[in-house]
Amino acid sequence: MRIYMIAGWLALLLAFPAWPQSTPASSSSAPAPSSANAPLLQPVTVTGEQPGPGLWKVSKGDHVMWVLGTITPLPRGMEWRSKEVEQTIARSQEVLESPSAEVKVDAGFFSKLLLLPSVYSARKNPDGATLQQILPAQMYERWEIVKQQYFGNDRGVEYWRPIVVAVKLYQKALDRAGLTNANDINKAVFKLAGQHDVKRIPVKYKLVVEHPREALDAIKQTNLHDISCFNQTLNTVQDDMGNLAARANAWSTGDIQTLRGFAVNDRHESCIIAVVNADFAEPLGLHDLPQRMEQAWLDAAEAALIRNTQTFAVLPMDQVLSPDGFLAKLKAKGYSVQSPDELNP
């Protein structure tokens with residue numbers, strides 16, 4: 001059973017394959033007055049067949065790993081096709097997958113059914129609190145404006161935890177902007193690996209929740225420090241949807257220089273912090289999950305580089321470009337790392 005069983009918002013944490021390495025977002029509740037009443041813009045996104053970016057080369061001696069950096073969201077109407085990627089996969093011995101995580105609930109079929117009401121109630125604020133009671137006044141004023149644009153007169157959402165509202169709001173904003181979080185690039189890579197009979201190497205951390213009822217009780221009783229996550233999401237929806245679309249277009253058309261120039265407000269980290277710092281995180285094994293997944297991928301990458309003459313790997317672009325990302329860590333270990341524009345000046 002995938003992690004969406006843990007009240008929806010925990011799915012936000014583990015659905016993302018990697019964790020940005022930027023400085024954690026401030027929990028400041030300062031509003032963004034310049035955008036509070038801004039009209040909704042329709043960002044223009046590319047459509048049709050697109051090549052995506054080039055490949056990064058990681059090597060030591062005569063062993064090489066070619067890395068495709070991916071991003072989300074991407075244009076909903078885009079079709080990705082890269083001859084370079086297909087030819088590289090065909091010549092590789094293995095395809096190294098992006099790191100991912102999955103929570104398995106150790107419960108019987110009927111117990112799972114009985115858990116569903118608990119899952120539903122866990123998304124609500126403890127003690128029946130409303131967003132108006134939880135959020136700083138200025139932030140709530142901003143939320144009222146955005147709510148009308150995306151939720152209309154829905155009153156039920158007022159009782160949800162800020163992080164749950166953030167997930168739903170972000171999904172609605174992406175849909176309106178013509179963007180999608182569906183990672184069809186990974187699926188396309190895996191399909192190509194199957195077509196060329198290339199072995200896939202998953203990097204997946206599995207967390208078993210042996211006592212799901214107790215876990216859900218702990219979640220329901222915990223006040224998450226998720227106001228920063230909510231605030232970051234408001235900023236993204238009000239200020240950054242156009243940048244998200246432009247970044248998606250840059251990825252689609254292979255514009256590496258433009259990708260490097262984006263400093264889009266990344267809401268993921270503050271939402272992850274809200275979960276991994278919660279009181280229930282350590283008993284469930286969530287408090288150091290990002291670090292464990294990072295180490296798991298680095299170990300898998302080094303093993304593949306030793307084992308294979310050529311490996312193909314998929315990584316979130318944040319971990320490809322960041323000075324603290326996975327490729328930077330491999331470079332610090334003595335591997336040569338070259339970008340597409342360095343390989344093809």
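This report describes the overall make-up of one chain, then one of its strands and one pair of its helices.

The model is predicted. Its chain holds 17 helices and 10 strands. Of the 345 residues, 52% are buried. The accessible surface of the chain is about 15900 Å², and carbon and sulfur atoms account for 50% of that surface. When contacts between residues at least 6 apart in sequence are considered, 85% of them join residues at least 24 apart.

Strand β9 covers residues 310-316, and seven of its seven residues are buried. In a regular strand, side chains alternate between the two faces of the sheet. In β9 both faces are covered: the buried residues are Q310, F312, V314 and P316 on one side, and T311, A313 and L315 on the other. Strand β3, residues 63-70, runs parallel to β9 and is joined to it by seven bridges. One of the residues on the covered faces of β9, A313, is the bridge partner of V67.

The helix pair is α6 and α10. Their axes lie 11 Å apart and meet at an angle of about 55 degrees. The crossing of α6 past α10 is left-handed. The residues that make the contact are listed below.

| Helix | Residues in the contact |
|---|---|
| α6 (residues 137-150) | M139, R142, W143, V146, Y150 |
| α10 (residues 227-253) | I227, F230, N231, L234, N235, V237, Q238 |

Key
Residues are numbered from 1 along each chain as its sequence is written. This is a predicted model: local features need pLDDT of at least 70, side-chain atom pairs count only at pLDDT 80 or more; totals for chains, interfaces and linings use all residues. Side-chain values use heavy atoms; hydrogens and water are left out. Helices (H or I, at least four residues) and strands (E, at least two) are DSSP runs, numbered from the N terminus. Buried means under 20% relative accessible area, exposed over 50%, partly exposed in between (1.4 Å probe, protein chains only). Contact means heavy atoms within 4.5 Å. Accessible areas come from the Shrake-Rupley method with a 1.4 Å probe; for residues, only the protein chains shown count as cover. Two strands pair if DSSP finds at least two bridges between them. Axes are lines fitted to C-alpha atoms, for helices over the stretch in contact, and angles run from 0 to 180 degrees between N-to-C directions. A crossing is left-handed if the near helix is turned anticlockwise from the far one by less than a right angle, and right-handed if clockwise.
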